[in-house]
Structures are given as structure tokens and as C-alpha cells.
Amino acid sequence: MNKKDLLLILVILFVCIIMFLLFSNKSSDYAYVYYENKVIKKIDLNIDNEYTVSGYNGDVVIEVLNNKIRVKEEKSNNNICSNMGFVSSSLEPIICLPNKIVIKIVEDYKIDTVIR
Amino acid sequence: MKKIIVLFILLLITGCSNKDYNQFNMFFMDTYINIKIYDLKFEDKDKVYNEIYDIYSVYDALCDRYTDYIGVNNVYYLNNVLEDGQSVVIDDRLAEVIAYGLDAYYLTSGKVNIAMGNVLDLWKKYRDSGEGIPSEEEFKNLKSISIFDIILNDNVYTKYNNVKLDLGSYAKGYVTELVADKLEEMGYYSYLINSGGNVKVGNHYSDDKYKIGIENPNEDYLVYKIVSANNTSVVTSGGYKRYYIYDDVKYHHIIDPVTLYPSNFSLGVSVITENSAYADILSTYLFLLPIEEGIYFVNSNDLVEALWYGIDDKVYLSEGYDKYE
């Protein structure tokens, strides 16, 4: 193996890593916001933003930051869900019982199309 | 070094590019239609678009029940202009669509009935106003919904007792099938056609299967099942898209020809079979049958599978559904 071969391998590795970084961080996760079991909002976790939805006790402010989601503000006695902090796993839903709001992260399967 | 640059570019092109497809959107037959064609040659693009557009626009006009097209003996003409007991020559293409519907009547023991126009109009009147339901009186005075009042002799159409045609239960599937045939005729075998509740896919664009998500009737955006398949049609019938609520009861648009009321056996049923028109007919049929009877029907038919979303929020699958998991 001469120097050129080594260089070639390095270049390919480099390209792969760049590509991996470019395409893999484009995760396609969404969070669904439910009010009494009805989906009221679909939130793209790739976009940092704040959203306000109506809960049972009033406005619930949801924040998305770095692919994670949390309830920033809500009105309740114990503030359990706003104290829960950021969540990024589909196994860990945010549940605001007093406000009847549930936030679940759903991995977007590779779907070609949807039938309504 | 040159070699490396070439390799670098090749790698970029082959490894990282998304599968190339062209996408056409059209609005016909009251539906937004999305067509993806994979590896469509640039020079074919216009030709393919025009061919598809022509098919949809011709059949849209022929099957239209609400609009008069001058010089076209379409469904509107047959229902509202043609006099009782009179005959008229119709376009061969429309004659074929009607003939398909007449066959469907026997295939579905009378559940899919293209002569239902009069009762559908009655319900539509109430659905549009959102208030009330048809009275006994109105049902009694209803004009014919008998398929035997429609006589089709090749391309000569005759009607009796003011019967009204409605091809809505399968026209979309019928035309989807024609579009798919056209694409294959032009050498394009990898495609995906989605017109609302109606999906048809060809060969896969790589070595895989199309993933067709079926939406939960109770929740927008949420997919409750994914059908993995190639060269097949998936068609959903359900009462959750077009309905109105009166006295706390939901009344949707799929009417049982026997009871003359909307059926309520399931919230939705999806049929998987190769032919899109057939899938369309069967999805309406199964929606009008109790789930157990529907499962029995599908299980005795090798070329058809189906899944139901029950009123109890349970999902019911036909015996051979496994192959689409």
C-alpha cells in the first residue's frame, strides 16, 4: 500500500463522516400534542421554537430546543410537567394531568405515503 | 489526485443522492391527486404529464354528476337531461365504467349499487345543511334506486323511473387503474399514485417495498398501520371524512342500499388487492358489512386482504394480512 492508497482511504473515510454528519442529524422526529386524547398539534423537533396550546387551566407553552421538547409554562398546583424538563425519547411522554395535555414523541417511520 | 476527485464525486452522486422522482399534482374528481414517478426521463416529462392529465380530465367530465358539459353525455346528462324511458348513445369509455358498476352489484350482493343517486342526493341535502335527517315521507316518495331501471346495451344507455346514477364508489379507483396502465405502457413501472383514500403503487424504486401508512380514523396525522407492498392498490372507505352530526348521532356519506341509512359497522376499512377499481368496490362493500362477515368474505378470496378499524378502537385483520407487515 503506497501513500496514494492511504490518502484515498482517508479521503473516503472523511467524505463518509461528513455525509453521515450532514444527513444523520436530520432526524425526522415529531412530537404530538394531545388534549383529552385528541391530537391538537404536530411539532417538528428539528425546529427550535415555542408553541402555545390551550390546556384545561389555560395556555400551555411548549418549547423545542436542540431536538428536545419541554413544557415551559403551564398553570397547575404542582407544576409536575413543567418541572420535568426537556425530553427527547419516545418512551418518555410528558403528561400534564391538570391541563389534560400529553406530549408524545413519535419516530416518523419511513413512510412513502399516507391514506386518509 | 485527479482519480481521487473523480471518486469523491462518484461517491457523492451514488451514495448520497435521494432516489430521483418527478411529482405531479392534480385536482380531479373532488380529490387532490399526487403522482410520483421514479426515474422519469427528462424528455418524457411533458408527455407523461399530459397523458395522465388527459385521462383524469376525460373521466372527470364523463363521471361528473353535478356539472353539465356541453356536448358530453355524461352522468349529469343521463340523470338530469335524458328523459325517462329514452335511450342515448354514450361514450364507450363511460359505457365501460357503467358496465363495471353493474357487475359490481352482483359481486357485492347488491351492496354496491350505482343506481343509488336518488337516495344519496336526499342525504346530501341534509348533510350540506347539517340539520336533520330524511323523513319517512321522503324515503317513501323516493324515486327509483333499482339497478334494473338502468339498461346498458353496449354503448346505448336507457333509464326508467327517474333512476339516478352515482359512480362515486369506484370511479376514482377505476381511473387510477387506467393511469397506472398508461404509465406502464410508457415504460414506467415504479410509481406511486395517491388520490385521498386511494393508493396504487408499482415496482419499488429500490430493492424494498412501499410503506403505505393508514391514518387512524379518530386522529389526524396518526398512522395506525403500515402496509408494505409493491404492485398493489390500497383503498380505504370510511365515514370519518364526510359526515355531519345531528342529535348527537354521526351521519356519514356511505349509505346502505337496504336500510337507506349510513352503515356503522366500523370506522374504516382498507382493502389491499392488485386492481384499484376492484379495491375501491370492495372497500365500499366491506364498509357496508359487519366486520365478521367482511373477514369471512376476504378470507375466502386469495387475492384480497383487508384491515378494519373498529368502533371499539380495535384493529381487525384478515387471515393473510401478515404478508404486508
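**Notes on the predicted model**

1. Of the contacts in chain A with a separation of 6 or more, 32% are made by residues 24 or more positions apart, a contact being two residues whose C-beta atoms, placed from the backbone, lie within 7 Å. This is a predicted model, in which local features need pLDDT of at least 70 and side-chain atom pairs count only at pLDDT 80 or more, whereas totals for chains, interfaces and linings use all residues. Residues are numbered from 1 along each chain as its sequence is written, while chains are lettered from A and ligands numbered from 1 in the order in which they are written.

2. Chain A holds 2 helices and 8 strands, where helices (H or I, at least four residues) and strands (E, at least two) are DSSP runs numbered from the N terminus. Along the sequence these elements follow the pattern α-β-β-β-β-β-α-β-β-β. Of the 116 residues of chain A, 16% count as buried; a residue is buried if 20 or more other C-beta atoms lie within 10 Å of its own, exposed if 12 or fewer, and partly exposed in between, with C-beta atoms placed from the backbone.

3. Gly58(A) belongs to strand E4 (residues 58–65) of chain A, and it counts as exposed because it has 12 C-beta neighbours inside 10 Å.

4. Where the chains meet, 26 residues of chain B are in contact with 19 residues of chain A. On the chain B side, helix H1 (2–16) and strands E6 (191–194), E8 (210–215), E9 (223–229) and E10 (232–238) each supply at least two residues, and the largest share, 6 residues, comes from E8(B). By class, the residues on this side are 15 nonpolar, 6 polar and 5 charged, where Ala, Val, Leu, Ile, Met, Phe, Trp, Tyr, Cys and Pro count as nonpolar, Asp, Glu, Lys and Arg as charged, and the others, Gly among them, as polar.

5. Between the chains, strand E8 (residues 113–115) of chain A pairs with E8(B) in the parallel sense over 3 bridges, two strands being paired if DSSP finds at least two bridges between them. Within this pairing, Val114(A) stands opposite Gly213(B) in E8(B).

6. In chain B, 8 strands form an open sheet in the order E1-E2-E6-E7-E10-E13-E14-E15, with antiparallel pairing. Its edge strands, each pairing on one side only, are E1 (21–28) and E15 (315–317) of chain B. Within the sheet, strand E7 (residues 198–201) of chain B is joined to E10(B) by 4 bridges, the two running antiparallel, and Asn198(B) stands opposite Val235(B) in E10(B).

7. Strands E11 (residues 243–246) and E12 (residues 249–252) of chain B run antiparallel and are joined by 4 bridges, with Tyr246(B) opposite Val249(B) in E12(B). The two strands form a hairpin with 2 residues between them, and Asp247(B) in the turn has a positive phi of about 50°.

8. How do H2(B) and H7(B) pack, and at what angle? Their axes are 10 Å apart and the angle is about 155°, axes being lines fitted to C-alpha atoms, for helices over the stretch in contact, and angles running from 0 to 180 degrees between N-to-C directions. The two helices are therefore roughly antiparallel to each other, since angles under 35 degrees count as roughly parallel, over 145 as roughly antiparallel, 65 to 115 as roughly perpendicular and the rest as oblique. The residues that meet include Ile55(B), Tyr56(B) and Tyr59(B) in H2(B) and Val175(B) and Leu178(B) in H7(B); by class, this contact has 9 nonpolar, no polar and 2 charged residues.

9. Val175(B) lies in helix H7 (residues 171–185) of chain B and counts as buried because it has 29 C-beta neighbours inside 10 Å. Leaving aside neighbours within four places in sequence, Val175(B) is in contact with Ile55(B), Tyr56(B) and Tyr59(B). Met29(B) is 146 residues from Val175(B) in sequence but 9.9 Å from it in space, C-alpha to C-alpha.
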